[in-house]
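This report goes through selected parts of the structure shown below. It takes the chains one at a time.

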Amino acid sequence: MVVGVLALQGSFNEHIAVLRRLGVKGVEIKKPEQLDNVSSLIIPGGESTTMAKLAEFHKLFPALREFVKMGKPVWGTCAGLIFLADKAVGQKQGGQELVGGLDCTVHRNFFGSQIQSFEADVSVPELASKEGGPETFRGVFIRAPAILEVGPEVEVLADYLVPSNKVLYSSSTVEIQEENSTPEKKVIVAVKQGSLLGTAFHPELTADTRWHSYFLKMAGEVGGGASSSSIVAVGEEDPGLNQQSKIDLPVFQ
Amino acid sequence: MADSGVVTVYGNGAIYETTKKSPFSVKVGLAQMLRGGVIMDVVTPDQARIAEEAGACAVMALERVPADIRSQGGVARMSDPQLIKQIKNSVTIPVMAKARIGHFVEAQILEAIGVDYVDESEVLTLADEENHINKHNFRVPFVCGCRNLGEALRRIREGAAMIRTKGEAGTGNVVEAVRHVRSVMGDIRVLRNMDDDEVFTFAKKIAAPYDLVMQTKQLGRLPVVQFAAGGVATPADAALMMQLGCDGVFVGSGVFKSGDPVRRARAIVQAVTNYSDPDVLAEVSCGLGEAMVGINLNDEKVERYANRSE
């Protein structure tokens, strides 16, 4: 089984490292045609503005939308979640292009700047029931987005109770195109809709691999074994130069 | 990939997590989100927007770019917080700012105005010739410069969550950046092949904490994100840094001292993303207009910023 990881910028090395720990090969996706060779995709964390710009330069958006439309499993973490959302608020001037598909409204950089970044044990009942392990997951929120609203078809996998002192729109700087700017107390941080998975935090930065195996099971359900023959070809196509795999940073337990 | 099953974990005393408020994971985390990106020096909100549009993953808010600090001389200090705030207001990407080495009050001010990363930088005039800032005391993460492995690990021990090899800022000459990256990477390669018994003496020789040296040996890389900086002026320079093993690139004077900043900024960003693809590198390097003039470092009058701190 081979999983594609969008490798424009951000924590794609970390995702590939987690996949490797689970015995799955992750391949870097930088060009639209590379998407044909994978049956599932992870869009990693990073700077969503930057990643959107690079995806635009690489003409990736049509291919990504097609990939989502075909019902292939896609998981976005942090910036990737913003990519998948149908609507995002708090973007840069002029907005940024999105892939869409996930029926929800995401507030980019909801929690504010780096000073407001934090770690929290997030309650994840659905994940725990499928993958076992503790009821909570150590979520690392780095200048993280949050999901403000979800459509009827979206399954909420985790939410986070924002301590009242933490809700600061320090990014009032960035035009917040929201109508009702009263911050809600509880925000959604993990969702699933059909074959799409989104998390506002970064499971690739911690040692707990349950989210990755959860996604692999989603991918397994959809992909099946039939496509494995086309997958093997990917590794061979990659020129050796791309394969000088980078050594990973340590992870947090 | 013999050791593919190995999971290395932070916090075995190697880099300790000090305050509960901002654990080291959150500090390193932002640096990890910047990987594979370009961080650009900007002096106005307009330049910040150009950088953002070009795909920079962060901007460094400054009053003067290093090339101007070099030519104008005088004491270089932290930028006016007003300017940093204006730049912060104009973009959505993270904003970094420089504090003088050892000047922890400048760092406190930068933390108070909410910058995302503080660069304790040798490009500014030193405030303390002996000590760096104790970066464990801050919630804001720090990036620090280094010329070799020992210096990098000393900064990490002081609490830096990101390292940039120093290069020679404001020269447009990449030779020093290459020297420093080669030095760090070379030392790590030597370390990897070393017998465990020899690591104690090696740690003493490079004047770095033993536990961090040992962790570096086990990892085969620095335990934090490592960017290249100083003298990067072309897409090829940036890709060179990436191929030498850096996680990303700082571009200082190289963009906005060139003939066509918009195109050059975008080209450098694309070069970093596609650093191992010569076809793309060739394409993005075409017709970028004039690069910054650059300084020959053999001239003895050129002050070496990199040597200002140990």
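## Basis

Strands, as named here, are DSSP runs of E with at least two residues, numbered from the N terminus. Lys98(B) lies in one of them, strand β3 of chain B, which covers residues 95-100. The model is predicted.

## Lys98 of chain B

Lys98(B) carries the UniProt annotation "active site", taken from an unreviewed entry. Such annotations may be inferred rather than shown by experiment.

Is Lys98(B) buried or exposed? Its relative accessibility is 8%, so Lys98(B) counts as buried, the cut-off for buried being under 20%. The side chain of Lys98(B) makes a polar contact with the side chain of Asp119(B), at 2.9 Å. Leaving aside neighbours within four places in sequence, Lys98(B) is also in contact with Met60(B), Leu62(B), Met78(B), Leu110(B), Ser121(B), Val123(B) and Leu124(B).

## Helix α9 of chain B

Helix α9 of chain B runs over residues 210-219. Seven of its 10 residues are buried, so the helix is largely enclosed by the rest of the structure. The buried residues are Leu212(B), Val213(B), Met214(B), Gln215(B), Thr216(B), Lys217(B) and Leu219(B).

After α9(B) comes Gly220(B), with a positive phi near 80°.

## Chain A overall

Chain A has 253 residues, and 60% of them are buried. Its secondary structure consists of seven helices and 12 strands. Among contacts in chain A with a separation of 6 or more, 73% are between residues 24 or more positions apart.

The accessible surface of chain A is about 9,300 Å². Carbon and sulfur atoms contribute 51% of that surface.

## Thr77 of chain A

Thr77(A) belongs to strand β4 of chain A, residues 74-77. With a relative accessible area of 0%, Thr77(A) is buried.

Which side chain makes a polar contact with the side chain of Thr77(A)? The partner is His15(A), at 3.3 Å. Outside the four places on either side in sequence, His15(A) is one of the residues in contact with Thr77(A).

Methods: Residues numbered from 1 in each chain as written. Chains lettered and ligands numbered in written order. Predicted model: local features only at pLDDT ≥ 70, side-chain atom pairs only at ≥ 80, totals over all residues. Heavy atoms only, no water. Helix = DSSP H or I, 4+ residues; strand = E, 2+ residues; numbered from the N terminus. Buried < 20%, exposed > 50% of the residue type's maximum accessible area, 1.4 Å probe, protein only. Contact = heavy atoms within 4.5 Å. Areas by Shrake-Rupley, 256 points an atom, 1.4 Å probe, with all protein chains shown as cover. Polar contact = N/O pair within 3.5 Å; in protein donor to acceptor, adjacent residues only side chain to side chain.
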